[in-house]
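Here is a friendly briefing to read alongside the structure. Please have a viewer open and follow the topics one by one.

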Amino acid sequence: MKLSNLLVLATDRQADRIVPPTGYTVRLTLFTAASLAFLAVFALALSLATSRVATQWSDALARSSTIRISAPQDQMAAQVAAVESILQTTPGISEFRVLSNEEQAALLEPWLGAGIPIDALPVPALIEVIEAGDGFAAEGLRLRLEAEAPDAVLDDHTRWRQPLVEAAGGLRLLGLLSLLLIGCATAAMITLAAQAALAANKQVIEVLRLVGARDSYIAGAFMRRFTNRAALGATVGAAAGVIAITLLPGTRTSESFLTDLSFEGLGWITPIFVPPVVAVLALLATRHAAARVLKGLP
Amino acid sequence: MIELDNVAYSYGNGPALLSDVSLKLAPGSFHFLTGPSGAGKTTLLKLCYKDLQPTLGHVRFFGVDGPELSRDAVASLRLKIGVVHQDCQFLDHLSVAENIALPLTVSGRPISASDLDDLLGWVGLSDQAMQYPQELSGGERQRAALARAVMTAPDIILADEPTGNVDWDMSLRLLSLLVELNKMGKTVLIATHDLSLIRASKSQVSTRVLRITGGRLTLAGADL
């Protein structure tokens, strides 16, 4: 943006008085800016929440793997020991542990109910593997397992992690798209309001041209009026949006992000940028509308 | 100062309202422009302050051809040409004083309170300075319009039917103000269909009377 566009916002009380102070466009601009800023805060929160969840899912799932050993009971202990031996010598693994019967029972509880006789069921042994650094080479580990523990299967979660991460990424994109659409709607509505105000004040503009006002002076007066109104409306709308978000119930779990739209950390700063962005959109929209109207005057 | 050279003008695709009009407004001259209603007096005045572009011919402003002037240059030009419209054209949300000072406000020039007071006193509107245009009588509005037209000390005053909505006494008062401006060296062009006003001016100032008939501009004879 050119510096002259910003300089035009400098207060000029005399020039500001040339634009009649009343009109329905005042209320229209304030209401539009406030409403869209309110929605923008929610879109921001959605975008940041999905981004947060995508990162959490991606990080958490990418760093853990599971080895399932479905060996006959008489070979189970030997294959578990073989797998443990392989894991101890595999680079890129920080820790691993065999899940206890109690932990396996807890995993099955949602499907089979409490008090499962885990010893009586042909349940495979499960080993949780946590990666270190850049992680391990999954294909190499699979080949070693196949050779030394043929009933062991490595599940690095790729199959079901990827769709979840993609879904979260899609939601993040949706949030950004919402912000973009809200920005476009803001610009369109303020352009319409500015055009209506300019049309309603056509006689004022004609008089100003006749007494020697330059286009930049006339456009500047309207740009200041609409930018200030839009900034005021957006401030009120953004503040209301932040208050509404703080009042939403939050569960603080990654799986239930749709009910946890609150901001976190530096995310709380982002709504502060909504009013300035709306003001800049209003400035550009009014400048465009004023240029079109003034071009038609001698 | 303003020179029209074989100018023609028509609105849209209609017939020519003005044809082959040539006119030179010399510094310090006083012109009346007369003719029946609809003859093209206002159109000619609009050509003189570049509110209209001629269909044919050239209009030169202070030696510069009209089309060569940028939009900013036109704005500057209008600070050198004071215009008094028949309907005055005020900003109704501003006071009389603010309307009179408008040319200075929009051009970013400083407004001297004493100069503004003097000007208000000159047109007899000192007591109406803080009123709004809609609170003024017809004569007061015309005087306020005249005050606004001379606020920037322009070289040329163009007045379109300045006495159209006022009584005879007020007409004479406005005429005397315009004559006073001419004696200060300003070029004056008044468009009017009021021949008695032209006759009344003859004892006060040397004038040139132009008549528009059939779209042509001619010098009026002794029949006035």
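Arg97(A), Glu103(A) and Glu128(A) are joined in a network of salt bridges, a salt bridge being a side-chain nitrogen of Lys or Arg within 4 Å of a carboxyl oxygen of Asp or Glu. A search over all chains of the whole structure finds 12 salt bridges. This is a predicted model, in which local features need pLDDT of at least 70 and side-chain atom pairs count only at pLDDT 80 or more, while totals for chains, interfaces and linings use all residues. Residues are numbered from 1 along each chain as its sequence is written, chains are lettered from A and ligands numbered from 1 in the order in which they are written, and side-chain values use heavy atoms, with hydrogens and water left out.

- Arg17(A), Leu210(A) and Val211(A) provide 31% of the area that chain A buries against chain B, more than any other three residues.
- Chain A gives 22 residues to the contact and chain B gives 22 residues, where contact means heavy atoms within 4.5 Å.
- Across the interface of chain A and chain B there are eight residue pairs in polar contact, both residues at pLDDT 80 or more. A polar contact is a pair of N or O atoms within 3.5 Å; within protein, one must be able to donate a hydrogen and the other to accept it, and residues adjacent in sequence count only if both atoms are side-chain atoms.
- Helix 2 (13-17), helix 8 (202-210), helix 9 (215-247) and helix 10 (274-295) of chain A are the elements that give two or more residues to the side touching chain B. Helices (H or I, at least four residues) and strands (E, at least two) are DSSP runs, numbered from the N terminus.
- Helix 8 of chain A brings the largest share of that side, six residues.
- By class, the side of chain A that touches chain B holds 14 nonpolar, three polar and five charged residues. Here Ala, Val, Leu, Ile, Met, Phe, Trp, Tyr, Cys and Pro count as nonpolar, Asp, Glu, Lys and Arg as charged, and the others, Gly among them, as polar.
- Three salt bridges cross the interface of chain A and chain B.
- Arg214(A) pairs with Asp72(B) in a salt bridge, their closest N and O atoms being 3.5 Å apart.

- Val204(A), Ile205(A), Val207(A), Leu208(A), Arg209(A) and Leu210(A) are buried in helix 8 of chain A; buried means under 20% relative accessible area, exposed over 50%, and partly exposed in between (1.4 Å probe, protein chains only).
- Arg78(B) is buried, at a relative accessible area of 4%, and its side chain reaches the backbone oxygen of Arg209(A) at 3.4 Å.
- Among the residues that Arg78(B) touches are Leu210(A), Gly212(A), Pro298(A) and Tyr49(B).
- Arg78(B) also forms a salt bridge with Asp51(B), with 3.9 Å between the closest N and O atoms.
- Arg78(B) sits in the loop between helix 2 and strand 6 of chain B, and Asp51(B) in the loop between helix 1 (41-48) and strand 4, so this pair ties together parts 27 residues apart in sequence.

**Salt bridges within a chain**

- Arg142(A) and Glu139(A) meet in a salt bridge at 2.9 Å, N to O.
- Arg142(A) and Glu139(A) are about one helical turn apart, because they lie three residues apart in helix 6 (residues 138-148) of chain A.
- Arg142(A) is partly exposed at 26% relative accessible area, whereas Glu139(A) is exposed at 53%.
- Arg60(B) forms a salt bridge with Asp5(B), the closest N and O atoms being 3.6 Å apart.
- Arg60(B) belongs to strand 4 (residues 56-61) and Asp5(B) to strand 1 (residues 2-9) of chain B, so the pair ties together parts 55 residues apart in sequence.

**Backbone angles in chain B**

- Most residues other than glycine have a negative phi.
- Asp20(B), which is not a glycine, has a positive phi of about 50° and lies in strand 2 (residues 18-25) of chain B.
- Ala153(B) has a positive phi near 50° and is placed in the loop between helix 6 (138-150) and strand 7 (156-160) of chain B.

Notes: Buried area is the accessible area (1.4 Å probe) that two parts lose on being put together, summed over both. Lists of a residue's contacts leave out its neighbours within four places in sequence.
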